[in-house]
Number of protein chains: 2
Amino acid sequence: MDLRPIGVFDSGLGGLTAVRRLSEVLPGEDIVYLGDTSRVPYGSRSRETIKRYAGQDAAFLMSFDIKALVVACGTVSTTALDVVEKACGNVPVFGVVEATAKKAASSTKNGRIGLIATPASIRSGAYAPAIRRYAPKAEIFDRACPLFVPLVENGRTEPGDVVIETVVREYLEPLKNAGVDTLVLGCTHYPLLSRVIGAYMGKGVSLIDSGAATAEAVAAALRAADALGSGEPGERRYFVTDSAEGFEKVASLFLGSGIRGEVDQVSLEKY
Amino acid sequence: MDLRPIGVFDSGLGGLTAVRRLSEVLPGEDIVYLGDTSRVPYGSRSRETIKRYAGQDAAFLMSFDIKALVVACGTVSTTALDVVEKACGNVPVFGVVEATAKKAASSTKNGRIGLIATPASIRSGAYAPAIRRYAPKAEIFDRACPLFVPLVENGRTEPGDVVIETVVREYLEPLKNAGVDTLVLGCTHYPLLSRVIGAYMGKGVSLIDSGAATAEAVAAALRAADALGSGEPGERRYFVTDSAEGFEKVASLFLGSGIRGEVDQVSLEKY
């Protein structure tokens, strides 16, 4: 048994979709969440800047004596995981790439896998080798989707909205035409678009939620290491770098329920 | 004559539309530009965070012995001009609000003025009192347009694009229905949407470009203070806080021509 909390961070609040999945598979764990809301989004920034921000995010969470760190940010997972691992020393780090790649590889039947993510994640090229470790012959079709994050953050997630439907069609048409049977949602914002994306891609295409895949991997690893919590309902602490005002409303979008636990603002510049 | 440069900053590269206008009215001035590209956008952040960022931006430009500072960021102009003025001491500061409000007031015939800007700018309420100083009876109809910045930054600026046309119609419909004859483009990204916005609002509506209005005000003030430059073609220096790579391509969108002058990356954390 290990009563220490799990740390989770994202560039903003999209990573709360991963907290939601973690809460489902590990209801008895304490979680400390950090959303770098004063510098979100990371996905359009340079690798160097993403690494600097990621190092500060990890150092902050390490100050909580965490037993594991979940990088619920696709961009950091693909672009700056080395920096996070260095900041975490012996504490295990779970990025979203590995578990998601494994799940995509086991999902595909025709060996054609689509991948959508932020420009930085696509540029990193991190997913393809990870998928090929589990499915050496997979053909991977990727596409950067720079407008998905701002559209989700502005609530444009519902079927019937011509704006999101047009952008989804534009971004996904090449992947649909390529005949993928599995589509990796490589950014924690994207599960909120599942209905629109699912409707466009059709029933034969499995959508892989990177937050869910990672939450399952974390649960398996903690179980294997006999490091689960007490089983009591876990506590939550949330930190943001911009004002905490308005957090609840947006957070509940991603969490799928109201938040519980304190929310505080923190400055990362000293980390 | 005053050979010192003019400082200009924006949260990102949208402020280059103001540099373009400054270059037209004051071709003989040196300009130092700062775009805080590692933290853009400001317009969706809290007032407190915007003030902190704005103070750092101003302090950085003050290190160049500038003769005037142009805040080519609508969000900072409406939300944090006090912080910038404090950082600048005796150096005159030109936000976009005052000149834009004056121009809008002189443009309207029916006294109905529309205002579009970022959520932070609209929340600040800064434009209405400024417009009423020049047109006490003006009726002002405002609207936050949170998707315009990401859409412009993704090149969605052309008539015929159903995405930008749908969003423009959604945001501007209430202003059009209110019968405004003047529309303030209160963010330096928005001039790139002039064609789509102009087509939707119709020929009877004058669009007020905040960067252009401010450039004219700066020119008038420098002339009045006998502080113009030598008349030689001015030099340019550009600074960004994210990687300078890719700057030229995006910058030329906003400048309307290729860039000239050096581009360097800078860290603002020490300011």
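Where in chain B does B:Gly14 lie? In this predicted model, in which local features need pLDDT of at least 70, side-chain atom pairs count only at pLDDT 80 or more, and totals for chains, interfaces and linings use all residues, B:Gly14 is found in the loop between strand 1 (6-10) and helix 1 (16-25) of chain B. Residues are numbered from 1 along each chain as its sequence is written, and chains are lettered from A and ligands numbered from 1 in the order in which they are written. Helices (H or I, at least four residues) and strands (E, at least two) are DSSP runs, numbered from the N terminus.

B:Gly14 has 28 other C-beta atoms within 10 Å and is buried. A residue is buried if 20 or more other C-beta atoms lie within 10 Å of its own, exposed if 12 or fewer, and partly exposed in between, with C-beta atoms placed from the backbone. When neighbours within four places in sequence are left aside, the contacts of B:Gly14 are B:Cys187, B:Thr188, B:His189 and B:Phe254; two residues are in contact if their C-beta atoms, placed from the backbone, lie within 7 Å. Between B:Gly14 and B:Ala126 the separation is 112 residues in sequence and 20 Å in space, C-alpha to C-alpha.

Helix 1 of chain B is largely enclosed by the rest of the structure, because seven of its ten residues are buried. These buried residues are B:Leu16, B:Thr17, B:Ala18, B:Val19, B:Arg21, B:Leu22 and B:Ser23. Their cover includes strand 1, strand 2, strand 3, helix 11 (210-224) and helix 12 (247-255) of chain B.

Chain A contains twelve helices and ten strands. Its radius of gyration is 18 Å, which agrees with the value near 18 Å for a compact globule of 271 residues. The radius is taken over C-alpha atoms, and the globule rule is 2.2 Å times the number of residues to the power 0.38. Along the principal axes, the C-alpha atoms of chain A fill a box of roughly 50 × 40 × 35 Å. Of the 271 residues of chain A, 54% are buried. Among contacts in chain A with a separation of 6 or more, 80% involve residues 24 or more positions apart.

Helix packing in chain A is illustrated by helix 5 (residues 96-107) and helix 11 (residues 210-224), whose axes come within 8 Å and cross at roughly 100 degrees. Helix 5 of chain A is therefore roughly perpendicular to helix 11 of chain A. Axes are lines fitted to C-alpha atoms, for helices over the stretch in contact, and angles run from 0 to 180 degrees between N-to-C directions. Angles under 35 degrees count as roughly parallel, over 145 as roughly antiparallel, 65 to 115 as roughly perpendicular and the rest as oblique. From helix 5 of chain A, A:Val96, A:Ala99, A:Thr100 and A:Lys103 meet A:Ser210, A:Gly211, A:Ala213, A:Thr214, A:Glu216 and A:Ala217 of helix 11 of chain A. By class, this contact has four nonpolar, four polar and two charged residues. Ala, Val, Leu, Ile, Met, Phe, Trp, Tyr, Cys and Pro count as nonpolar, Asp, Glu, Lys and Arg as charged, and the others, Gly among them, as polar.

Between the chains, 18 residues of chain A are in contact with 18 residues of chain B. On the side of chain A that touches chain B, helix 2 (47-62) and helix 9 (162-177) are the elements that give two or more residues. Helix 9 of chain A provides the largest share, four residues. This side of chain A has six nonpolar, six polar and six charged residues. The copies meet through the same surface, because 100% of the interface residues of chain A are also interface residues in chain B. Chain A is superposed on chain B by a rotation of 180 degrees with 0.0 Å of shift along its axis (RMSD 0.0 Å), which is the relation of a two-fold axis. Superposition is by least squares on the C-alpha atoms of residues with pLDDT of at least 70 in both copies.

Most residues other than glycine have a negative phi, and most peptide bonds are trans. The peptide bond from A:Val40 to A:Pro41 is cis, with omega near 0 degrees; A:Pro41 is in the loop between strand 2 (31-35) and helix 2 of chain A. In chain B, the bond from B:Val40 to B:Pro41 is cis, with omega near 0 degrees. A:Asp226 has a positive phi, near 55 degrees, and lies in the loop between helix 11 and strand 9 (236-240) of chain A. A:Asp226 counts as exposed, with 8 C-beta neighbours inside 10 Å.
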